[in-house]
Amino acid sequence: MAEKLLEVRDLVVKFKTDRGLVTAVNNVSFDVFRGKTLGIVGESGSGKSVTALSIMRLIPNPPGQIAGGTISFKGKNLLDIPLDNMRSIRGNKIAMIFQEPMTSLNPVFTVGNQIEEVFKLHQSELSKADRKNKAIEMLKLVGIPSPEKRINEYPHQLSGGMRQRVMIAMSLACQPDILIADEPTTALDVTIQAQILELMKKLQDELGMGIIMITHDLGVVAETCDDVAVMYCGNIVETADVKTLFGHPQHPYTKGLIESIPSFDSTTGIKKERLPTIEGMVPSLFDLPKGCNFQDRCKSASDKCRGGNGEPILAEIASGHQVSCFHPMNY
Amino acid sequence: MSDYLLEVKGLTKRFPIKGGLLGREVGAVNAVNNVSFSIKRGETLGLVGESGCGKTTLGRSLLRLIEPSAGQVLFGGQDITKFDALQMREIRRKMQIIFQDPYASLNPRMTIGSILSEPMEIHGLFLGRTERQNRLYQLLDQVQLPKDALNKYPHEFSGGQRQRVCIARALAVEPEFIVCDEPVSALDVSVQAQVVNLLMDLQSELKLTYLFIAHDLKVVEYISNRVAVMYLGNMIEVAESSELYGGARHPYTKALFSAIPKPNPNIHMDRILLEGDIPSPMNPPTGCHFHPRCWKVTDQCKAAYPAVTAQSQTHEYRCHNPI
């Protein structure tokens, strides 16, 4: 069994808004292991990015607030340590890459400068020349051609794929234990996406970090993740290893998501006449129904789901496979 | 009447680059370069390619929202590039467009009712009060929105519902041809499928013809009868969608399809990983624009741009060393 790096238990994150208190993340628990990738899938507003930001303690407070739970990193609860001490962990032990590489790089500094800054903060013993050499080394690691020249360029001189490589170089500069990737390829074209995902896989094999891959693309999940957690309205509704999840989805929402991907069957060339869909839309977090959050869109919803028995609770139905549903699909 | 609703011949859009003290032209980008294709009545032609390949420019120049630099656009046999403003307004009733971002393409200060009425107002359709009201209800019904939507504002709707409003607005003037420019890219997965189904239902109900632009190959392949692939302003391959997936001849098409992550953890395909980035269209490579990234490149590819090879009536490609 790989080393457990991160253990999140019963995480609750709330936001104060003009319309009242909103629970963006509700009782979320998961683990991240060394050398493994955990996928967090969900639609916009499902709480996946908020979960990631909570681990980094980057939830703006106010309006946000981590209202409960623990986030243990190698046995130490990150929620207990003073915010100032978080700096020695952020970017050093746990690093993050974001969706839009242009807005997360500073346009007025060269990319070399921005990578060197990481060393300045976390490895202050390094000399200036060492920092530069290490920055060049990082750029080489992420496959940027002629890094000695690129190091003096500004973000606008690089393409989207190159910028994301720079972001990855920055995040991996201190060899973190955990890399949180929040939709790292959503803004990129498919051929570039393939390059970046391949690169992340290769670097994980070399450096052995645990990755949290946040995405809405089930294709990316299937190709890169070992374990998956599906989020809906702030809750994890199903979690399993990737093959089980795609092979035997138990929650109607997971099943619906997988089926609604247009697929081409290369062997027959026949396509389904209509795409199976999930009816309706994600309910507003301000106005969640009583009982199961998915009841209005669910074909197997019964009175049980509509509030009589409270919310469904995430329960294990097979080894390593948990689902929160009163009527799971069954094997 | 010909089978083809739309025929495009040698369409080119050139954007000059101004520079220097006097604002002289220092170069040009051929965003769309000598593209020819045709779309049959009732057919959906999918148009795919990566960002900057010219697919949106092509879509817009068909409606002359961007003025093409050269070439012909024959709509129902008439060359609309020669039309004056008045004729253009009339023909636009038959050609509509749906944009990518339903948050940006609806005026936030107008109710859904006035958004949907405006195109009919402009074209003088359904003028009577009750007639207009019935038409509005009919449109909402067609895109499966509730009747009370008419008095609401765009911010009261979700992304998927807004895109339904955009579709209803395009349908308001009873068009024959709709350019769908990335209509589902901004939507969540579960909503995407709903809108794709809606577009397909409307097509069979109203006998519409679509040009469906998207970078999501799975959606394009699903909705289209034929698919055209663009790279740096050129159309490099066109084929029946069922044929293109398995039988792509152009290496770029093959690589593009192999790059899509498959939603099945049990399949591990041999992926063709393309090296490098898309070159700048300001300064495209000589010969075949794809040659610096191609694994089948020969000297011929560096020297001359490949001509169109027609493999069958429906399958054409531009490549010196096809697969």
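This is a predicted model: local features need pLDDT of at least 70, side-chain atom pairs count only at pLDDT 80 or more; totals for chains, interfaces and linings use all residues.
Reader: Why are β6 and β11 of chain A called edge strands?

Author: Strands β6 (94-97) and β11 (315-318) of chain A each pair on one side only. They belong to an open sheet of 8 strands with mixed pairing, in the order β6-β7-β8-β3-β9-β10-β12-β11 (chain A). From one strand to the next, the twist averages 20°.

Reader: How do you know that β10 and β12 of chain A pair?

Author: Pairing needs at least two bridges between two strands. Here 2 bridges join β10 (residues 235-241) of chain A to β12 (residues 321-323) of chain A, so the two strands pair. They run antiparallel, and T239(A) stands opposite Q322(A) in β12(A).

Reader: Which strands does helix α8 of chain A lie across?

Author: Helix α8 (residues 190-207) of chain A lies across β3 (37-41), β6, β7 and β8 (210-215) of chain A, at about 160° to β8(A). Helix α7 (residues 160-172) of chain A lies across β6 and β7 (178-182), at about 170° to β6(A).

Reader: Now chain B, please! What makes the contact between α3(B) and α4(B)?

Author: From α3(B) come G113(B), L116(B), S117(B), M120(B) and E121(B), and from α4(B) come R132(B), R135(B), L136(B), L139(B) and L140(B). By class, that gives 5 nonpolar, 2 polar and 3 charged residues.

How values were computed: Residues are numbered from 1 along each chain as its sequence is written. Chains are lettered from A and ligands numbered from 1 in the order in which they are written. Side-chain values use heavy atoms; hydrogens and water are left out. Contact means heavy atoms within 4.5 Å. Helices (H or I, at least four residues) and strands (E, at least two) are DSSP runs, numbered from the N terminus. Ala, Val, Leu, Ile, Met, Phe, Trp, Tyr, Cys and Pro count as nonpolar, Asp, Glu, Lys and Arg as charged, and the others, Gly among them, as polar. Axes are lines fitted to C-alpha atoms, for helices over the stretch in contact, and angles run from 0 to 180 degrees between N-to-C directions.
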